[in-house]
Amino acid sequence: MAFCIAVIGKDNAPLYLATSDVERELDLQYHVHAALDVVEEKCVIGKGAPESKELYLGQLFSTENHKIYGFVTNSKIKFIVVIDSSNIALRENEVRAIFRNLHMLYTDAVCNPFYIPGEQLTFKKFDRAVQKLMSGNV
Amino acid sequence: MRAAGGLVQSNASVEPIMSRLDYEQTALHHSCLLVLLRGVGPSRARVLQRAFEKVRRVNNIKVTDSSGTVRTVYFRFIHDHPVEHNDWGDFQTHRRLLGLITIGKFENQTELNELCRHHESLKVRYGSTLYESRAIFFGPDTHTSNANAKGDAQPALQTIGENVANTDQSCTEKKSQLSGRLQDEFTTPSNFKSQAFFYREQDIGMDLEARVEDFLNALFWVLESRRLERSREKADKVSLLLAPFEKRDFVGLDMESRNNRKRCVGRVMKNLADLSLQAGLLEDALSLYHNANETLRSVGDSLWVGATEEGLCAASAVILYPQMREIEVLHRNASLQETGASQLRTTPEKWRASDATKKINANACTVTTTAGSLNCTDAFTTHSSSCSSVSSILTNNSSASGTPTTSTSSSSTSTISVAQYGHRNGELPGNIIKPEDITNYYRKAIINYSKYRHAATIETEAALKASRICIEQNRPLDVAMFLQNILYINLSMSESDRVKRFEVITELYQQIGYQRKAAFFQRLAALKHVQQGTQTPDWTQSYRLMLGSFTGYLLSLDPLEVLENAAGWPALQIDLVQSLISAARRLGFSALATRHMTFLLQTQWDNMSATEQSEMAVQLQNLSAQCEGSPVPLVLENGTVIPPANLTDLPYLTHFAVRDLPAHLRPQRIKIAKADSGPFLFTPIHFNSVDRRDKKKEKNKIDFLWVQNDLCEVCLTLRNPLPFELAVTDMRLLTNGVVFESVPQSVVLQPNVPTQVSLHGTPIETGQLDLQGYSTHTLGVKSNCRLKHMRGRNFPPNYLVDVIPGLPSISIKTSLPQSASFSNMNSADLVVTSASLTLYNGESSSCIITIRNESNTIPLEHLEVYINSNVEQETQRKMFQINEQALVTQLPVPPLSTIEFELVIYADADFVCPLPTDSINSFGPVTSQEYGSCSLSQYSNISSQSASLPSRVSSPQYRRQDNINVRSKISGTQYSMNTLSLQTNGVGVSSNAGSGVHSAQNSQHVEAQLRIKFSGGEALAEGFCRQCAVSFNLELLPSAMITGWDVLPAEIPSQFYLVLDISNLTAQEMSLNYTDNKNILIEAKESCRVPIPVDRCSLEQICVARAAEVAENLERELCFRTQILSFNDALSKLCSTHIADRVKINWLLTGTDIKGIASVRGIVLSHGMVNLTTISPLQWAISFRDIVVQPHCELMCIVGQSAKLTISLTNQSLQPLKHLVLTIKFYQDYLNGIENYNLETRVAISGPNRITIPILEKYEQLDHNCSVIFFTPGRFKANIECATRPQESDSILTRSCPEATNLSQLGKMSSPPANLNTVSSSGLDEHQAHIWKFIPPIEVTVVEP
């Protein structure tokens, strides 16, 4: 369902990245990286907005093959999901759902007392859950 | 009409799609008149650059039209213009080329002809649209022209009538004439119809701008006429204007239909609007666009509706954002200065491309953004709030990692734009499009264009223009939207154009600070350049673009910066650098490839897995095989500097230690300046924190010194993190400050095993040496590994070592054999050689010490020799003697030469029998504090024992006490048990071991160091020296030993006998020489008793000693009792020294030449003994029957006869003696210890036998005469004594009585018993009773008549 799910830290360094296609991982990483500009822009615009700030940033940009969606948590952790452009069946609501689930997974992961904020996420459980999320059978 | 006709003609021959995109176009270019500015002829770009600039600077003119209003008309100069673009001139008039300026340089007529031909051909090429053309020609310099045309120049001048003398230097003033002459010299060909200006190369005409302005004016008026023409056209007469590709669409359509008429009118209206915009009539243009828009929309002419919408945007932008033009000018100037940067593009392109509008550098980028933000905030308000927006955009820039250096330029630009804008603010036309709507209009336009496949170029350009406007408005998201849209436009274009498109997108993203996006597209462009299937992969461009995308991935060319930031996306960074490496390899820049690989290893080491690390390391090794890496910056063709990369952590340094010089080479201060630390030697309190801070600051300061020209050492511990053997060669120390010669070191490191490496070097100069790290050569790369760049190991950034001037070095040899073991004395590390020697106690020997100055240049100028040993100072002084004077006279020692000196070693030891073991034991814990009480008891002991004479037990005890006294004087009050025990280890060893007289003594070991401080040269002037030592290992064997002693009166009053028991502790027979001529042989391990006559201790000495003692006591305010004891103490000591000074016992081991001197130092005398050793103050002269009584002389007398006895007393002391009582007493000695004093029946004395002498002055003599009658024969003795009148009834002083058994052996001395002693303290103390006796007593033999 999703090509790539990335969790990116405050300083824009990747904390976690999962792709469905290992061969294209680097290419996807480049795309995700390029998407960060828009994420930052949207975050800046969101500054000063009321409390009920929308964490979901919507589609950041799209290419021939990919649609890239963004989500930012209150602690400025960014989630990027890359989705196949040809998959028209996928509704935006579903993308939102992916982000919601991802957010929960992330929250669970960082609740681990052995996790130091800012470090890479290397938990197997988290990884499994994200892989599942990516393949669309949550 | 004509124009339309021409269009139709050209349409037939030209491809309907524009061949090339104009990526540089902005909305403002809609209002410009297009002029082709072209260099012709052989390219001499640099020469003509100034001319180009001058022409370009005239980019607008102010024209006053017929109605009197001033219009500003703008021009756009381009370098290249595809002819087919003119075909779009009806669609958008600004695409039509209106003017032509060629600039060329010629040297001769042929070249000029060529230039003219070029110009004409260009004219023909753009003939359909060209209004007017000019040519600017630069002729040859004056020199060459003079040389060339000397022959015909001269007559020409003649005819003109000019002054010949001035011609050479008259270029500037007579420029018109000269140019005139140029035109005269060279004639344009006949087919050259354009107007040409001729200039000398070195003086660009001042009138050039004016002429260009004229030319532009001409263009404008033609345009204006066209506009008026168009505006006057009748609505029903107008023909249909067509975009190039529309031709086919309208074939066979009814042109007269209502719809089509409307279409025609609308299009003409749009055309007129374009012209008005170009002619500077903005309001007219706006309203015309509005009208045309409405008209065309009603007929559904989407393409032209889009054009009108774009036109509206353009017209509004011209009004709203005039500063966009300003920036262009500004930028142009900037790019002029940075000609180096523009070389980034290859030279042929430079001619073609319109670099006037290129915005490559970040400078321009920020400027644009700044201006945009201004517009956004201040669009319809006053310009007063501009400051805040400037600041906001500045922060924006920095967050987007733009170049912060441009802040000044951006602020200056903003003020310009604000001022202009404020001026314009008041006169905004009502029908202008609001800034926020411009984006929407553009969006609509693009949507309209997108309906036509052939309008893709227009659409792309519109999108670019829109994004530029959005940049101006600071709406990055819209920019991103427009740019994203460009990618969707399906435009069949060449690969190079595709790349170009990516580059433009990159540039625009950079302008809005989207560094990541920019980097993304830059990388795409780079990949496009070399993608598979490309016929000519352009690795140069690819490399350049990849390098450019570094910032987007938070990489920097400087590895240190990257390490510092430690940010970004490691996977991407690694990938990018790897692509860069492969590009560099393809380019054949092995040096660059190596550098980038090194960079990769240095910066991304932590982000790579172990296998990746080793893979990369192997790759680096392969790359560096082609070109070795070295830590120097590389400069690319375009001037980019690639800073050096170093394999700082390969191998990984874990420990860095600066080593001091070896102890014997370590420099020291000759005189240690006493630190003024106040009254406290140590205080834990820091009064101010400054001290501590200083300490912290000087953390990297090494507290020892290095010496110039001396090899120094630094110890490293390295670890090889790679799984294979790592050969590190040419390791050297990296230093700053003084010149340092490093010795290269090579090492092969095993995987993951810490290895110690020592790096050596020699400082060549003096001063401060800054150790910064080390350099390595590993994996084919030379690296400078500086401590400050090593992270996570708490190294200071550098180490500072002071280097002092060179010191000489010496080598030392001794004439003695080396000892087997080195000493364990402190500072044993100073020892450079050793010597061992075995001596008998009392033996002397000498040792020749040879010092060689080993340094090549520095003389040895200062030499200080002293001994340090484990024996007491005083003993040490006796044991080791150096003639320092002689040594000093040998200085200085020139380089590489030697001196010698002699060290005399005397085996000094205690010859006097040591303490018995039990008393030592009792003595052990005595400390100085206990000394007082202890000594008191000792003294009282002696005084009570004094009658029983010096026993062996008591005397040594006293001696030990004495020793302690001496010691405590030496080392002050800090005498602790430690030192005591140390001492017993030294000298005391002998006493410890030899507890008994006959028990064999063990040998005694003395360790000593001959310390030599030496210096020379400059270092001496600075007060530095070196110290080294020779260790001496002395073994002292026992020889003679005095086991007991006593004092006996001698035959003459001026002497006494010292009786000594001497044991021979050697294994050989010993010959003992104890007086001048007396020798005695002692068998091994035997002892014997020898009497030694010794002169008595003189009175004066005693007096002095006493006086000193009294004075001292008074000073100390001690009590009387102490005074006496001290007096006795002093006296005893004095006598002991007196004896020790005079008595020297020479011994010789028979059969060998081993000889020595035993001293009697250290014997202790009891009170009685003391009296015997001193001279009495009274001198006796006694005559019996007028015969002077001699000692041991025989006096005869007959019974019943009176015999005359004369006693004469002389005071020899310095003071008068008072209250003396002279007593004469006869007695009979039965020689069995019984003396009979009851002789009333046997002898009678005439006159008193007690005579009181009140005072006896100094040197006064007193005579006493009496007669003696003996009644019975026999042997009589007379005891004649003189006593001071006793103050107390009982004198504390009594006679001493030596042990009879002992003395019985002493033949002739046995008969007069010891009770003849003059018991006297021989002092002048009135409180004390003294008795002086005449000794030996007179002995009279009375015989029968």
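Student: Are Trp706(B) and Phe740(B) buried or exposed?

Tutor: Both Trp706(B) and Phe740(B) are buried. Buried means under 20% relative accessible area, exposed means over 50%, and partly exposed lies in between (1.4 Å probe, protein chains only). Before we continue, please note that this is a predicted model, in which local features need pLDDT of at least 70 and side-chain atom pairs count only at pLDDT 80 or more, while totals for chains, interfaces and linings use all residues. Residues are numbered from 1 along each chain as its sequence is written, chains are lettered from A and ligands numbered from 1 in the order in which they are written, and side-chain values use heavy atoms, with hydrogens and water left out.

Student: How many aromatic pairs are found over all chains, and what form does the pair of Trp706(B) and Phe740(B) take?

Tutor: Rings of Phe, Tyr and Trp (its six-membered ring) pair if their centres lie within 6.5 Å; planes under 30 degrees apart count as stacked, over 60 as edge-to-face and the rest as tilted. The whole structure contains 26 aromatic pairs over all chains. Trp706(B) and Phe740(B) form a stacked pair, with 6.4 Å from centre to centre and 20 degrees between the planes. This pair links distant parts of the chain, since Trp706(B) is in strand β11 (residues 701–707) of chain B and Phe740(B) in strand β14 (residues 740–743) of chain B, 34 residues apart. Helices (H or I, at least four residues) and strands (E, at least two) are DSSP runs, numbered from the N terminus. In chain A, ring pairs link Tyr56(A), Phe71(A), Phe79(A), Phe99(A) and Tyr106(A) into a cluster.

Student: How should I read the interface, and how many residues of chain A are in contact with chain B?

Tutor: The size of an interface is often given as the accessible area lost when the parts come together. Buried area is the accessible area (1.4 Å probe) that two parts lose on being put together, summed over both. Here, 23 residues of chain A are in contact (heavy atoms within 4.5 Å) with 21 residues of chain B. Chain A and chain B bury about 2100 Å² between them, 62% of it on carbon and sulfur atoms. Of the area that chain A buries against chain B, Tyr30(A), His33(A) and Asp37(A) supply 36%, more than any other three residues.

Student: Which polar and charged pairs are found between chain A and chain B?

Tutor: Side chains of opposite charge can pair when their charged atoms come close. A salt bridge is a side-chain nitrogen of Lys or Arg within 4 Å of a carboxyl oxygen of Asp or Glu. Between chain A and chain B the count is 2 salt bridges. In one of them, the side chains of Glu40(A) and Arg516(B) meet at 3.7 Å, N to O. Asp37(A), Glu40(A) and Arg516(B) are linked in a network of salt bridges. A polar contact is a pair of N or O atoms within 3.5 Å; within protein, one must be able to donate a hydrogen and the other to accept it, and residues adjacent in sequence count only if both atoms are side-chain atoms. On the side of chain A that touches chain B, β2 (14–19), α1 (25–45) and β3 (56–62) of chain A each supply at least two residues. The element that gives the most is α1(A), with 14 residues.

Student: What does Gln59(A) touch?

Tutor: Gln59(A), which lies in strand β3 of chain A, touches Lys42(A), Lys67(A), Ile68(A) and Tyr69(A), not counting residues up to four places away in sequence. A polar contact of 3.2 Å joins the side chains of Gln59(A) and Ser62(A). Gln59(A) is partly exposed, with a relative accessible area of 32%.
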